[in-house]
Amino acid sequence: MGASQKDFENAVNRLKLLKEDPGNDTKIKLYALYKQATEGPCNVPRPPVLDFVSKAKWDAWNALGSLPKETARQNYVDLVSSLSPSPKSSSSGAIGNPPKSESVLMTSRDGITTITLNRPAKKNAITLQMYEDILLAMNAASQDDSTITVFTGNGEYYSSGNDLANFTDNPGGLKLSEDGNLPLRKFVDTFIDFPKPLVAVVNGPAVGITVTLLGLFDAVYASDRATFHTPFSSLGLSPEGCSSYTFPKIMGPSKAVEMLIFGKKITAREACARGLVTEVFPDGTFQEEVWARLKAYAKNPPNAMRIAKQVIRSSEKEKLHAVNAEECRILEERVLSEECINAVLNFFSRKARL
Ligand SMILES: CCCCCC/C=C/C(=O)SCCNC(=O)CCNC(=O)[C@H](O)C(C)(C)COP(=O)(O)OP(=O)(O)OC[C@H]1O[C@@H](n2cnc3c(N)ncnc32)[C@H](O)[C@@H]1OP(=O)(O)O
């Protein structure tokens, strides 16, 4: 177990974004680890004595001896993480960096970065722009100096899920990203790969994608007012967010089917009994109790928590990426189906509400 190929590629990309030169010693270490991770032990002749730079690089690579590729990959990822820029939290709690969005807020305080869905008039339904903003926020949160990342919603709802106008406002059904995948694929991949403990503070009802994604969180705290609803069949859609894999694993196939195929809405207590929710709190004391708990957890050593998460999650990552790709492939067809188009039209003509 250790860093996945995807973690490694992310680290290679993050290195390109470094604003400060890490210095020659570090650059040579990175070179050696990169070569070891991608090609294995050094097996090329030593460069001429007067070619100092090439010789230093060769020496560093050669010094790694028979270090396994997986270990080199992990060491490379760790070294890049230690160099990555760390946007500092301000005393007001606002992070100066992305997203510049009113519908997705990002604050950082007491070692916790919080991403808040803030579109209460629409029950925090997620627009295409919000998917992008959440990605930006998660990328910033993965690199800032917080130890825990929290998702929550502002107002009565946690979220009513995907904004159904995403289906009607885009010719052909739904905007596709440049590489032909649903924007959803990259979005869910980011949750699969998120390196720090990820906690959902579910303040109220949750619908659709905001429920399925909970299977990729490390802890889910819910108000006893929250409900969990995945009405995919009535919308002519199919399960996403890796729920076709995580839900049967978490709650067993028959309970998963009840939610994902029959669209049964469950209470917070039922979700807790099924293992989707970690703990339920009375709504009146929910915020106070949960934040006190999270502040205490955030005081744990950050590297230990990150590594514990990696140990727990890394063996599943490849499977989850494959599940995500397949779910998106199927969903891409479903969003163009007559069943889906009719369901969305009925919603907006107010003929159908959940
Ligand atoms: C690129 C990604 C693709 C992902 C595709 C996979 C799909 C994933 C999903 O998330 S599927 C689930 C989608 N969500 C829903 O079907 C919920 C739809 N909403 C409702 O049924 C109801 O609004 C409600 C039960 C959430 C709340 O009902 P009520 O209390 O009666 O409030 P209103 O219905 O009056 O809602 C207030 C206001 O918000 C608008 N709104 C609410 N949810 C959505 C939504 N998901 N999409 C778009 N708009 C939504 C609603 O239209 C009202 O707007 P208005 O005041 O009329 O302008």
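Predicted model: local features only at pLDDT ≥ 70, side-chain atom pairs only at ≥ 80, totals over all residues.
Which order do the strands have in the open sheet of six strands? The order is β1-β2-β3-β4-β6-β9, and the pairing in this open sheet of six strands is mixed. Residues are numbered from 1 along each chain as its sequence is written, and side-chain values use heavy atoms, with hydrogens and water left out.

A word on terms: helices (H or I, at least four residues) and strands (E, at least two) are DSSP runs, numbered from the N terminus, and two strands pair if DSSP finds at least two bridges between them. In general, strands of a sheet pair through backbone hydrogen bonds, either parallel or antiparallel.

Back to the sheet of six strands, where β1 (104-109) and β9 (279-281) are the edge strands, each pairing on one side only. Neighbouring strands here are turned by 20° against each other on average, with direction ignored; angles run from 0 to 180 degrees between N-to-C directions, and axes are lines fitted to C-alpha atoms, for helices over the stretch in contact. Within this sheet, strand β4 (residues 198-202) and strand β6 (residues 219-223) run parallel and are joined by four bridges, and Ala200 has Val220 in β6 as its bridge partner. Helix α12 (residues 286-297) lies across β2 (112-117), β3 (148-153), β4, β6 and β9, and runs at about 160° to β6.

There is also an open sheet of three strands, in the order β5-β7-β8 and with mixed pairing. Its edge strands are β5 (206-207) and β8 (266-267), each of which pairs on one side only. Between β5 and strand β7 (residues 227-229) the pairing is in the parallel sense, over two bridges, and Phe228 in β7 is the bridge partner of Ala206.

Now to the helices. Two packed helices are described by the angle between their axes and the distance between the axes. Angles under 35 degrees count as roughly parallel, over 145 as roughly antiparallel, 65 to 115 as roughly perpendicular and the rest as oblique. A crossing is left-handed if the near helix is turned anticlockwise from the far one by less than a right angle, and right-handed if clockwise.

How do α7 and α13 cross, and at roughly what angle? The axes of helix α7 (residues 183-193) and helix α13 (residues 302-334) come within 10 Å and cross at roughly 160°, so α7 and α13 are roughly antiparallel to each other. Their crossing is right-handed. In contact terms (heavy atoms within 4.5 Å), residues of α7 including Leu184, Val188 and Ile192 meet residues of α13, among them Leu320, Ala325 and Leu331. The residues of this contact divide into seven nonpolar, two polar and four charged, where Ala, Val, Leu, Ile, Met, Phe, Trp, Tyr, Cys and Pro count as nonpolar, Asp, Glu, Lys and Arg as charged, and the others, Gly among them, as polar.

Helix α7 also packs with helix α5 (residues 128-143), at an angle of about 30° and with the axes 10 Å apart; α5 and α7 are therefore roughly parallel to each other. Here the crossing is left-handed, and the contact has eight nonpolar, two polar and one charged among its residues.

Helix α1 (residues 5-16) and α2 pack at about 150°, with their axes 13 Å apart, which makes α1 roughly antiparallel to α2. Phe8, Val12 and Leu15 in α1 meet Leu30, Tyr34, Ala37 and Thr38 in α2.

Finally, the structure holds 18 salt bridges, a salt bridge being a side-chain nitrogen of Lys or Arg within 4 Å of a carboxyl oxygen of Asp or Glu. One of these joins Arg46 and Asp59, whose closest N and O atoms are 3.1 Å apart. Arg46 sits in the loop between α2 (24-39) and α3 (52-63), and Asp59 in helix α3, 13 residues apart, so that the pair links distant parts of the chain.
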